[in-house]
Amino acid sequence: MKSAVFSLVSGALLLAQDAAAAPDFTSSKWVMKRQNGNDYACKCYPGDACWPDSAKWQQFNNTVNGNLQIHIPPGAPCYNKFEGPFGEVNTYDEAECQRISANWHDEQFQISQFPASGLWTYFTNDTCRPSTNVGSETCTLGYYGPLVLNAKKMQHIKAGVDFARKNNLRLVIRNTGHDFLGRSVGWGSLIINTHSLKDIKFHNKWKGGCGYSGPAVTLGAGVQAFEVLEKANKLNPPKVVVTGECATVGVSGGLVQGGGHGPFTNFHGFLADTALEFKVITADGQFRTASPKSNSDLFWALKGGGPGAFGVIVEATFKLFDDKPSAGVNLDINLAFSTDPNAADLFWNAVSIFHGYSTRWVDEGLYVYYELGTMGHNLHVHPFVGIGKTPEELAALIQPMFDDLDALGVPYTTSNASFPTFYDLYNAMFEPEAAGNSALTGGWTLAREDVEANPAAVIDAFKTVVGAGSFMVGHMWNAGRGLPQSAWSQSAINPRFRHVVDKLITIVPVGGNAPLEVKEEAQNRLTNVVDKALRDASPNGCAYVNEADPFTPNWQDAFWGTNYPKLLSIKKKYDPEGLFYTVSTPGTEDWEQIETGTRLCKKL
Ligand SMILES: Cc1cc2nc3c(=O)[nH]c(=O)nc-3n(C[C@H](O)[C@H](O)[C@H](O)COP(=O)(O)OP(=O)(O)OC[C@H]3O[C@@H](n4cnc5c(N)ncnc54)[C@H](O)[C@@H]3O)c2cc1C
Ligand SMILES: *[C@@H]1O[C@H](CO)[C@@H](O)[C@H](O)[C@H]1NC(C)=O
Ligand SMILES: *[C@@H]1O[C@H](CO)[C@@H](O)[C@H](O)[C@H]1NC(C)=O
Ligand SMILES: *[C@@H]1O[C@H](CO)[C@@H](O)[C@H](O)[C@H]1NC(C)=O
């Protein structure tokens, strides 16, 4: 009897606790919608009764020291008018339009001048593309948010998070706008721009624990790869942080939360594997430290568990490593304009030779960046990187491939160079990338066992990719080579990444302003032809959350494998209401952007 009463009481207690924790999606701050027979609770948008009135916005603007601005998209000076949710403004400015058009494809221009631009424009809907001969039409926001907070300090970010939570606004965190999947863009959102948080602080010996007492660096949320690499190179001896191949990507934002792979991945794993501590503002507005000692679950999740899904990172601390003398080699095979009737076979045989060495190269610590199909039968390896290798050592590792290419009789061009540090090689040999293009991107990684078991299937898949109108970018590395196995599970990185030999990005060009049927066809081709071919060729592979198709089937497993259930529970703990939404990250399976990709809603 006594125990029955006890269990009844504790049962009631449990229920009460559950009720307190469970978010109430029927409260008046949610907007109820119905589409295709489904019920949704949606975030609050301009025109909805719950949208804050101008007095509230003004008050918010005061708390952030006037750093809130109405967002007018970058291309507006090329149009007569900009029509936004708060009215119409005349925007035409010929000189400004020419300046923007001339620099449109320059990443750093876009990052430094425009607080919310998406560098890959597809997910902006391309409703305000600059063009020197527009001058007559009206441009609109497309999928951009109408307001930007240019955060200058931690308190501004906190104020933005609190304001978005209280008013149930869609929140977008935007650092550099590199995100391929449109995660730094969102219709009707309040955008927090973190780009001004540029502090860089070096530590000779890290005192924050983590079983590590070596050199480290703390980076504000806005620091870009080239900024920290330049400073670290000036240390004596020169140091590096694990960053990607792209110099303008931010380090403490999307890169670490997605993982962050680069030439040093062979030696130290992902950038996420080298993180020591985060300062982060969670959905409840609390400023927290996430480290092995405090909020260790959040610490683990921020290391590769999904960009923009768990909180706003204000700063992050990473291990520093010694830089080393490095050598590089370039290779180009271009049969795009060949009149040889066997050019196609010759080309694919050459690709097969090249790719056949992938496992051997990554075992030796080489990083190989290459592009395929950008001009038809074109392979552009730019470059092979040997960190800590002399030119002769690198040449010896690549020579067997050159011998095979010579035996095949395929024409190619090559060049080489060596440098006192990897940093010097990086500046000299890596090519700058372009902003302002519109494409859908996807990708998959090739697992070692699949490449070894069936190399011909890999080349057949590449043919399918290129044949379906996609470009491809490859990155050969091995994320399990240098990092001890005991450290693999210390970050949320998919365990399957530890035996990858080639990480591929697929790129299907399509206009952001194309008709819906055209977009649907391109998306279908990406998911069900291009990436499917790669998935079929490597069933043991996985996908990289920062460089993938947001509609990858079973994205939870593809991005995180066995780590997904733990990530989902951490998401529910720190963000039960879903303040932070980024497509295909933990906890977003119940969310949908209804009404043609606009209103973000929770399925009821
Ligand atoms: C040309 C190019 C080359 C690339 N090369 C590589 C590479 O070699 N290796 C690699 O790993 N990746 C590479 N990437 C992918 C890159 O990792 C992602 O685009 C990454 O998300 C960029 O992060 P960001 O913060 O600079 O960009 P943003 O687009 O500003 O942000 C990306 C995501 O992170 C979120 N976010 C940004 N800052 C914060 C913050 N402070 N707190 C919480 N969330 C935040 C945003 O909301 C968004 O969801 C490349 C991308 C491009 C376009
Ligand atoms: C916020 O305040 C600043 C400074 O007073 C002002 O320039 C800006 O237009 C305001 N933003 C909005 C959205 O009203
Ligand atoms: C986005 O573009 C599609 C066409 O591709 C169009 O139907 C839709 O209205 C646009 N939406 C916005 C908000 O611009
Ligand atoms: C580098 O290229 C030069 C030609 O420019 C060639 O003579 C030399 O053998 C190459 N060296 C290595 C180590 O690849």
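Predicted model: local features only at pLDDT ≥ 70, side-chain atom pairs only at ≥ 80, totals over all residues.
**View of ligand 1.** The shell around ligand 1 is made up of eleven nonpolar, 16 polar and seven charged residues (Ala, Val, Leu, Ile, Met, Phe, Trp, Tyr, Cys and Pro count as nonpolar, Asp, Glu, Lys and Arg as charged, and the others, Gly among them, as polar). Residues are numbered from 1 along each chain as its sequence is written, and chains are lettered from A and ligands numbered from 1 in the order in which they are written. Of the 34 residues around ligand 1, I173, N175, T176, S184 and Y544 come nearest, where a residue belongs to such a shell if one of its heavy atoms lies within 4 Å of the molecule. An oxygen atom of ligand 1 lies 2.6 Å from a polar backbone atom of I173, and nitrogen atoms of the ligand are placed 3.1 Å from a side-chain N or O atom of Q257 and 3.0 Å from a side-chain N or O atom of E547 (polar contacts are pairs of N or O atoms within 3.5 Å). On its own ligand 1 exposes 940 Å², and 99% of that is buried by the protein (accessible areas by the Shrake-Rupley method with a 1.4 Å probe). Strand β8 (171-174), helix α7 (254-258) and strand β15 (312-319) are the elements that give two or more residues to this shell, and α7 gives the most, with three residues; helices (H or I, at least four residues) and strands (E, at least two) are DSSP runs numbered from the N terminus.

**View of ligand 2.** Ligand 2 is surrounded by N61, G66, L68 and I70. An N or O atom in the side chain of N61 is 2.4 Å from an oxygen atom of ligand 2, and a backbone N or O atom of L68 lies 2.8 Å from a nitrogen atom of the ligand. Ligand 2 taken alone exposes 360 Å², of which the protein buries 41%. The shell around ligand 2 divides by class into two nonpolar, two polar and no charged residues.

**View of ligand 4.** P391, A395 and N416 are the residues around ligand 4. An oxygen atom of the ligand is 2.2 Å from an N or O atom in the side chain of N416. The protein covers 35% of the 360 Å² of accessible area that ligand 4 has on its own.

**View of the second largest pocket.** The second largest pocket has a volume of about 920 Å³, and it lies between domain 1 (6-195 + 590-603) and domain 3 (326-551) because both give residues to its lining; the domain bounds come from an automatic or database assignment. On a 1 Å grid over the protein atoms alone, a pocket is an open set of points with protein on both sides within 12 Å along at least five of seven lines, a cavity is a set where a 1.4 Å probe fits but cannot get out, and lining residues have an atom within 4 Å of a point. Points are joined across faces, edges and corners, and a volume is the space filled by probe spheres set on them. The pocket is lined by 32 residues, of which F123, F551, V583, Q593 and G597 lie nearest its centre. Helix α16 (516-537), strand β24 (591-593) and helix α19 (594-597) are the elements that give two or more residues to this lining, and the largest share, four residues, comes from α16. By class, the lining of the second largest pocket has 15 nonpolar, ten polar and seven charged residues.

The structure holds five cavities of 30 Å³ or more. The largest cavity has a volume of about 90 Å³ and is lined by 13 residues, of which T124, D126, C128, R129 and Y144 lie nearest its centre. Its lining divides into seven nonpolar, four polar and two charged residues. The second largest cavity, with a volume of about 40 Å³, is lined by G258, G304, A492, I493, N494, F497, Y544, V545, F559 and W560. By class, that lining has seven nonpolar, three polar and no charged residues.

**View of backbone features.** A cis peptide bond joins N236 and P237, with omega about -5°, and P237 is found in the loop between α6 (225-233) and β12 (239-240). The peptide bond from H382 to P383 is also cis, with omega near 5°, and P383 is found in strand β19 (residues 378-387). N125, a residue other than glycine, has a positive phi near 80° and is placed in the loop between α4 (107-113) and β6 (138-139). Most residues other than glycine have a negative phi, and most peptide bonds are trans.

Definitions and conventions
Heavy atoms only, no water. Polar contact = N/O pair within 3.5 Å; in protein donor to acceptor, adjacent residues only side chain to side chain.
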